[in-house]
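The questions below take up how parts of this structure are described. Each answer sets a value beside the definition behind it.

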Amino acid sequence: MCGIIGCVGRGSETLDTLVHGLSKLEYRGYDSAGVAMADERVSLCKKSGKIEDLRDALESATLSGSVGIGHTRWSTHGPPTDANSHPHQDCQGDVAVVHNGIIENYQSLRDELVAAGHTFTSDTDTEVVPHLIEDALAEGAEPEAAFRQAIARLEGSYAIAAVVAGTEAIFAARHDSPLVLGLDDGATYLASDVPAFRDFTDQVVYLADGEFARLDDAGWEVTDSDGVSVEKDVDTIEWDPEETGKSGYDHYMIKEIHEQPRALRQCLRERVDEMAGTVDLDDLGDLSPTGVQFVACGTSYHAALYGAHLFREAGIPAQAFLASEFATSVPPIGDALVIGVTQSGETADTLSALRAAQKRGARTLVVTNTVGSTAARECDHAFYIRAGPEIGVAASKTFSSQLAALNLLTLGMTNSDDAREVINALRELPGDLQRILDESRAEDVAEMYADAGAYFFIGRGLQFPVALEGALKMKEITYKHAEGFAAGELKHGPLALVTSETPVFTVVIGDDEKARKTVGNVKEVEARDAPVVAITDGQTDVHRYADHVLEIPETHERAAAVLANAHLQLLSYHTAAKLGRNIDKPRNLAKSVTVE
Ligand code: AGP
């Protein structure tokens, strides 16, 4: 979704730094971009479309100053036009503002400002902010005070940065939308996400809700809503800037798929005692939940379904909820532990659900990839999946790492009879996964079915979330109709859609009752002439009913889910590649969804 970059102290390189930062935020999803700089005046350039369009426009623009802000916009209020792109200005052109989030009371503020004679040039909620600052300046407030007065009028969610003519400083504030400072010798950065300035520094300061920041030549200061200075920790980012490059791959997604063995090793590192058959949950302490409620969205919701299954297997009642539903109709919590699963730690729906749970007195834990994220800071406990930065909008390596982390979590919190067996399977998992990535025939299958009208994915038990994830990946990056079903549910309706034109991908693991029943469901689709692709460890005779088999080695069914999913990731990726889709930035989607 929208991205913010700001920088002070890079002199003549300011503009290039801003545009570079915006290009590093592209992965979040956007439809327009812009920059503004300040010296005695404020100058800006903004364009709908890609960063390249902005670069072209900048060739004939004259921007000056050594202080600047930039923005990538993902439309909410008003279509992606030049006028609606950020930064936005006041009537005099002395103020420029960029904003992530939604200002809920913008209509009443706009009405008030229009009645007072202000002229608006966009449809956005953001534009009220520069006009509010303009009013405060006109009443004699200093720029920083004017910024604070404007922010005090806002309701909703925001990360906001502003520059004012005649003041070589950036003013910023956050509420429910992330902002982080980057500290370098002589330069200071401001961004919605670390990759925007990671090429320049690994020293960061995360702003908390309600905090303000001022960046200028003298350095930086964070203050609370009363203007009192706040002492902040400086954190060090542990991943390298190269991790946000493509390393020779055609797309981030395929690079990230191939990074999975390493990501899994990082997730498991120093957390598993193989000799003792135990798991060390960092410093989570003894949580001993009597019940667990998961909240999550999208791919993370699929991981949450898997996690809930693991807790239930260990005898602990557990359910997974779509975060967007949980927040508005919170079911009774009792003394359940509420676990948010979120790669970014910034997903608005998930944050709302976690906050709703906290309001009801629940203990909260987040399973996340992002150190310093809002969820990590707000929850009582954070457990990191350690997958490293994921740039492709479609989650890949973070799903595998979520599944591994959820195994660690359950093993560490519960008494499982088969703990040793699971730990052994987890230990083997990176190597098994590497072999699948090296040998998978998923690309051949993708070639055969790239023209299909629709795809169905089925699985049972732990393989049901894998089927859902396989379908989500397929629809996200190929724009084709794809649905995942619990295998047993197919005959209750969806079977009506199954024809010789609709390949059915089935995950069949082991040879227990679940697997045998799934084979029964495969026979049902085979009888309707649907092409069948079985992702299987070969323990049943599903191959007899399948047109193609994608093999995985025999392992614990928990690890098998990760391996089966790898075939499905490759299948979607190669299908999308054959269709020429924009794989890393699928249409209409954003990496971090910060609105509800
Ligand atoms: C996954 O491919 C999607 N891009 C999306 O469903 C994502 O998983 C969802 O928006 C949740 O994001 P989070 O994990 O950062 O909370």
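Q: Over residues 445-586, how much of the chain is helix, how much is strand, and how far apart are the end C-alpha atoms?
A: The stretch 445-586 is 40% helix and 18% strand, with its end C-alpha atoms 22 Å apart. Helices (H or I, at least four residues) and strands (E, at least two) are DSSP runs, numbered from the N terminus. UniProt, in an unreviewed entry, lists residues 281-419 and 445-586 for "domain: SIS".

Q: What kind of model is this, and which residues count?
A: The model is predicted: local features need pLDDT of at least 70 and side-chain atom pairs pLDDT 80 or more, while totals for chains, interfaces and linings use all residues. Residues are numbered from 1 along each chain as its sequence is written, and side-chain values use heavy atoms, leaving out hydrogens and water.

Q: Which residues does the UniProt annotation "active site" cover, and what makes them gather at one spot?
A: The annotation, from an unreviewed entry, covers Cys-2 and Lys-591. They span 590 residues in sequence, but no two of their C-alpha atoms are more than 9.8 Å apart, so they gather at one spot. Of these residues, Lys-591 is included in the lining of the largest pocket. On a 1 Å grid over the protein atoms alone, a pocket is an open set of points where a 1.4 Å probe fits, with protein on both sides within 12 Å along at least five of seven lines; lining residues have an atom within 4 Å of a point. UniProt positions follow the numbering used here, feature names are shortened, and annotations may be inferred rather than shown by experiment.

Q: What is known of Lys-591, and how is it joined to Glu-390?
A: Lys-591 is found in the segment after helix H17 (557-578). At 12% relative accessibility, Lys-591 counts as buried. A polar contact of 2.6 Å joins the side chains of Lys-591 and Glu-390. The term asks for a pair of N or O atoms within 3.5 Å; within protein, one must be able to donate a hydrogen and the other to accept it, and residues adjacent in sequence count only if both atoms are side-chain atoms.

Q: What makes E3 and E14 the edge strands of the open sheet?
A: The sheet has 8 strands in the order E3-E2-E4-E1-E10-E9-E11-E14, with antiparallel pairing. Strand E3 (42-48) and strand E14 (235-236) each pair on one side only. Two strands pair if DSSP finds at least two bridges between them. Strand E2 (residues 32-38) meets this with 7 bridges to E3, and Ala-33 stands opposite Lys-47 in E3. Helix H1 (residues 14-25) packs on the sheet, its direction making about 155° with that of E1. Axes here are lines fitted to C-alpha atoms, for helices over the stretch in contact, and angles run from 0 to 180 degrees between N-to-C directions.

Q: How do you know that E10 is mostly covered?
A: In E10, 5 of its 5 residues are buried. Ala-187, Tyr-189 and Ala-191 point one way, and Thr-188 and Leu-190 the other. E10 pairs in the antiparallel sense with E1 over 4 bridges and with strand E9 (residues 180-184) over 5 bridges. E9 and E10 form a hairpin with 2 residues between them, and Gly-186 in the turn has a positive phi of about 80°.

Q: Why is helix H4 said to be largely enclosed?
A: Of the 11 residues of H4 (residues 128-138), 8 are buried, so the helix is largely enclosed by the rest of the structure. Among the buried ones are Val-128, Leu-132 and Ala-136. The buried residues pack against elements including strand E6 (95-103) and helix H5 (143-152).

Note on methods. Buried < 20%, exposed > 50% of the residue type's maximum accessible area, 1.4 Å probe, protein only. Contact = heavy atoms within 4.5 Å.
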